[in-house]
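The sequence and structure come first.

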Amino acid sequence: MTIVLTRAIAAIVLALVPFASLAQEFPSKPVRFVVPYAAGGSGDLLARLLGNKLSALWGQEVFVDNKPGAGGLIGTEFAARSDPDGYTLYLATDGPLTIAATLNKHVPYDWKRDLAPISMIAVGYQVLIVDPKLPVRNLREFVELVRQKPGALNFASIGVGSAPHLAAELFKSVANVDITHVPYRGSSAQAITALIAGDVGMFMVGTSTAVPHIQSGTLRALAVTSPKRVDSLPDIPTFAEAGLPGVDVSLWFAVLVPSATPPAIVKKLNADIVRAVADPDYRKALEIRGFEAQSSSPEQLAAFMDKDYVKFRNLIQKLKLQVD
């Protein structure tokens, strides 16, 4: 029995040796970082900031590969179908994953089956901004104005089912107001231009995008979706502080890899990304742009994404939203 047991243990150890060796050698060539959005956006910026830190840590180039289109589905499918060798990282957000799973009838991948979580890298929040020509100074006055004119005011988004759209719908639900959705395809720039022109009255958007317009006075901020005030907008109350708890939407960013990536590589990637996220320069760069640096274990990220999926599934089903 002892001989059999010894041989079994030896076989297990030998089986693990190639994976341990693989992790020690990784990475031995450049690493692709797939971003399912166009260059210049928040996700692209975060990927480049993290990629620079990992490149310095590994002594290998980490190059960002932007693959925009179909609300992030094109880049996500590419990442999910890539070789599971650790040399393709994927910048994950809710849109193509936890939102698309319910919103889209035809998704060319299964986010839980085809992709494996590595670590969270950043969390941001949205801010409700309005046309400064509106006769409102705070959230309470804006809600009262909308209730006086049900359906008369419009709100912008960057597309049906996008994070700004769902955040605005959550606000509508919690505040019990009627305000008409006007989707703008593409970037937040179109929606902000429409807001400044007075074509729409409200837009929910990431704080990093809104800060310059708020500081210049071209747009007015009423509340942020964070649990506490954000450093980049210290004078703007949270929705809870403004009297409307429950509008608590975060903008999260994480790193995933193809699901069959060896466990040893997953472990090394997690350790190195956690180390990079803890770098003071990385954290400072995020704070300036309205984000909070945040890392996690793969298990913690998986649990967070499951919770995020349930939240958006319930909201999407309640609103009866669907994208062909």
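Predicted model: local features only at pLDDT ≥ 70, side-chain atom pairs only at ≥ 80, totals over all residues.

## Nonpolar cores

The largest nonpolar core holds 39 residues, and those touching the most other members are Y90, L97, V127, I129, F203, L233 and L256. Strand β4, residues 115-130, gives the most to this core, with six residues. In soluble globular proteins, nonpolar side chains tend to be buried together.

L233 shows what such a position looks like at the level of contacts. Residues up to four places away in sequence aside, L233 touches V127, T207, V211, I214 and V224. V127 is also listed with L233 among the residues of the largest core that touch the most other members.

Strand β7 covers residues 202-206, and five of its five residues are buried. F203, one of the residues with the most contacts to other members of the largest core, falls within this strand.

β7 pairs with two strands. With β4 the sense is antiparallel, over five bridges, and L128 has M204 as its bridge partner in β7. Strand β5, residues 154-157, runs parallel to β7 and is joined to it by two bridges; here the bridge partner of A156 is F203. In a regular strand the side chains alternate between the two faces of the sheet.

## Helix α11

Helix α11 spans residues 280-288, with Y282, A285 and L286 buried. An α-helix has 3.6 residues a turn, so residues three or four places apart point the same way.

What do the buried residues of α11 pack against? Their partners are α2 (42-58), β4, α10 (263-277) and β10 (292-293).

At its start, a side-chain oxygen of D279 comes to within 2.8 Å of the backbone nitrogen of D281. G290, which follows the helix, has a positive phi, near 85 degrees.

## Helix α2

α2, one of the elements that the buried residues of α11 pack against, has 17 residues. From its first C-alpha to its last, α2 reaches 24 Å, close to the 24 Å expected at 1.5 Å a residue. Its buried residues are G43, D44, L46, A47, L49, L50, G51, L54 and W58. G59 follows α2 and has a positive phi, near 75 degrees.

H165 is located in helix α7, residues 163-175. Why is H165 classed as buried? Its relative accessible area is 1%, and buried means under 20%. The side chain of H165 makes a polar contact with the side chain of H181, at 3.4 Å. With neighbours within four places in sequence left aside, H165 is in contact with F155, S157, G159, V160, H181 and L321.

D114 belongs to helix α5, residues 111-114. D114 is also buried, at a relative accessible area of 11%. Beyond its neighbours within four places in sequence, D114 is in contact with A80, R81, Y109, V257, P258 and S259.

## Backbone details

The peptide bond joining F26 and P27 is cis, with omega about -10 degrees. P27 sits in the loop between α1 (2-25) and β1 (31-35).

For A70, phi is near 55 degrees, and the residue is in the loop between β2 (62-66) and α3 (73-80). A70 counts as exposed because its relative accessibility is 53%, against a cut-off of over 50%. For K320, phi is about 60 degrees, and its place is in the segment after α12 (298-319). K320 likewise counts as exposed, at 76% relative accessibility.

Terms used:
Residues numbered from 1 in each chain as written. Heavy atoms only, no water. Core = buried A, V, L, I, M, F, W, Y, C linked by side-chain atoms within 4.5 Å. Buried < 20%, exposed > 50% of the residue type's maximum accessible area, 1.4 Å probe, protein only. Helix = DSSP H or I, 4+ residues; strand = E, 2+ residues; numbered from the N terminus. Contact = heavy atoms within 4.5 Å. Polar contact = N/O pair within 3.5 Å; in protein donor to acceptor, adjacent residues only side chain to side chain. Pairing = 2+ DSSP bridges. Expected span 1.5 Å × (residues − 1).
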